[in-house]
Amino acid sequence: MAALSGLASALESYRGRDRLIRTLGYCCQLVGGVLVEQCPARSEVGTRLLTLSSQLSHCRTVLRLFDDMAMFIYTKQYGLGAEEEDLFVRCVSILGNLADQLYYPCEHIAWAADAKILRVDSARWWTLSTAFWGLSLLLGIARSLWMVLKLRQRLRDPTMAFTSRLPQSKRRALEAQVQSEVLTLLSNLADLANAVHWLPPGVLWAGRFPLWLVGLLGTVSSLLSVYQAVRAGDWTETTAP
């Protein structure tokens, strides 16, 4: 009952619902891709799962039409990161916020072009939105790597045990923060692999992933995000595209 209650609470929030839809969509793509490519006898089921995955992705795209204001408010509140002590973290966070802010209108225009609302080339805008997403992921990876290095340096600092009033509690808090940053790093790496795949052919490994691998990477990223949300008890954090 507790699990069902937690699931119901997650579905009541926009971010929680989006996170679960994302996970389901990528899981369908993973299983559907495997069935289509590896099990010819079950290819019809695989095709249906891939269709469901596509529709769930489209659902999330439509829902993101209303994310600009929330992202703008977050970016405005963060500002120049005056409360951030680390200069490198401040810089990558500011650039990441800018990339995220620019991502949304590009995706909206691409969606509107596909829906025949705007008469523009949708492919160009999809590429631009994916590029901004990839840039945001790269900045997030750089931030997580930097944070892991800094936190591990603090954990190895021999003076910590003598300068801290509660060394064990602080050590546990730092270790939990390291684990959180590592999980974020892995999630962003999986998403970045897919982001490059969706760029125009000729860019690294763009267009070379089979459907099941895209689904696998997306599933890994989504499950890590769900795990972090459950552990933190917070379903309101923004999820990746």
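In the predicted model, the side chains of aspartate 18 and arginine 60 form a salt bridge, with 2.8 Å from N to O. A salt bridge here is a side-chain nitrogen of Lys or Arg within 4 Å of a carboxyl oxygen of Asp or Glu. Aspartate 18 belongs to helix H2 and arginine 60 to helix H3, so distant parts of the chain, 42 residues apart, are linked. Helices are DSSP runs (H or I, at least four residues), numbered from the N terminus. Six salt bridges are found in the whole structure.

The axes of H2 and H3 come within 7 Å and cross at roughly 155°. Axes are lines fitted to C-alpha atoms over the stretch in contact, and angles run from 0 to 180 degrees between N-to-C directions. The two helices are therefore roughly antiparallel (an angle over 145 degrees).

The second largest pocket holds about 750 Å³ of space. A pocket is an open set of points on a 1 Å grid where a 1.4 Å probe fits, with protein on both sides within 12 Å along at least five of seven lines; lining residues have an atom within 4 Å of a point. The volume is the space filled by probe spheres set on the points. Of its 28 lining residues, Ser57, Thr61, Arg64, Trp126 and Trp198 are the closest to the centre. H3 gives the most to this lining, with eight residues.

Residues are numbered from 1 along each chain as its sequence is written. In this predicted model, local features need pLDDT of at least 70, side-chain atom pairs count only at pLDDT 80 or more, and totals for chains, interfaces and linings use all residues, while side-chain values use heavy atoms, without hydrogens and water.

How values were computed
Parallel < 35°, antiparallel > 145°, perpendicular 65-115°, else oblique.
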